[in-house]
Amino acid sequence: MLRHKTSRLTCPPLVFPTSLCVQGAIPLLSQDERGLLAHNSMNKKFLFGLLGCMLLTILFSACRIVDASTLPKNPKALMGASQFLTTDITVKKGQSLDLVDTVSNPHVIANGFYDASGKVTKPPESDAPQIGTISFNGSDAQTIGPFNAAGDFHYYCTIHPNMNLLVHVTA
Ligand SMILES: [Cu+2]
């Protein structure tokens, strides 16, 4: 009986790498831990098995946390009711940019800008991501890019006069 239980407990480390990704191993481990304390508190093999499980759990959950926190995040340009809240933003070459509509108002974003007199101007800016028109319904976000060339690139909202965004791309 003891031997059977021992082999059962030494088994989990082999399956942890896969089961951990799917459902997390901490609940499984603490269940084993409770069973262990209740039935075999003096069994050293169980203790080693438990320590092994704990170590594996710590290692794999640490890896998972690092993976989540190192996911690349795009810079964000925020939009309000009728203006960019972020009127200019710097991104690195190769990065994309998230346009975030923080309110319920719609926006339609395109390449170009309103000049000082309020007239829509469309400079060539062939190195900029050409986005056509991107519609925002309110409280939503979309990504433009990647920006693959250094330079200054203009975007504007076709429905809100003087709603300009200038994107600086650094090499
Ligand atoms: Cu707008």
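Guide: Two strands count as paired if DSSP finds at least two bridges between them, and with that in hand we can read this model, which is a predicted one.

Visitor: In S9, which residue is the bridge partner of Ile-109?

Guide: The bridge partner of Ile-109 in S9 is Cys-157, and, in the same way of reading, Ala-110 stands opposite Tyr-156 in S9. Strand S4, residues 107–111, is joined to strand S9, residues 151–157, by three bridges, and these two strands run antiparallel.

Visitor: What is the order of the strands in the open sheet of five?

Guide: Reading across that open sheet, the order is S2-S10-S9-S4-S7, and the pairing is mixed. Strand S2 (88–92) and strand S7 (133–136) are the edge strands, each pairing on one side only. If you look along the sheet, neighbouring strands are turned by 25° against each other on average, with direction ignored.

Visitor: Which strands make up the open sheet of three, and in what order?

Guide: That open sheet has the order S1-S3-S8, with mixed pairing. Strand S1 (76–79) and strand S8 (141–144) stand at its edges with a single partner strand each, so one side of each is left without a neighbour in the sheet. Here the neighbouring strands are turned by 20° against each other on average, direction ignored. Strand S3, residues 97–101, pairs with S8 in the antiparallel sense over four bridges, and Asp-98 stands opposite Thr-143 in S8.

Visitor: How should I think about the side chains along a strand?

Guide: In a regular strand, the side chains alternate between the two faces of the sheet.

Visitor: Which residues have the most contacts inside the largest nonpolar core?

Guide: They are Leu-97, Leu-99 and Val-167, in a core of 18 residues. The elements giving two or more residues to this core are S1, S3, S9 and strand S10 (164–170), and S9 supplies the largest share, four residues.

Visitor: Which residues does Leu-99 touch, not counting residues up to four places away in sequence?

Guide: With those sequence neighbours left out, Leu-99 touches Ala-77, Met-79, Ile-109, Ala-141, Gln-142 and Ile-144.

Terms used:
Residues are numbered from 1 along each chain as its sequence is written. This is a predicted model: local features need pLDDT of at least 70, side-chain atom pairs count only at pLDDT 80 or more; totals for chains, interfaces and linings use all residues. Axes are lines fitted to C-alpha atoms, for helices over the stretch in contact, and angles run from 0 to 180 degrees between N-to-C directions. A nonpolar core is a set of buried Ala, Val, Leu, Ile, Met, Phe, Trp, Tyr and Cys residues joined through C-beta atoms within 7 Å. A residue is buried if 20 or more other C-beta atoms lie within 10 Å of its own, exposed if 12 or fewer, and partly exposed in between; C-beta atoms are placed from the backbone. Two residues are in contact if their C-beta atoms, placed from the backbone, lie within 7 Å.
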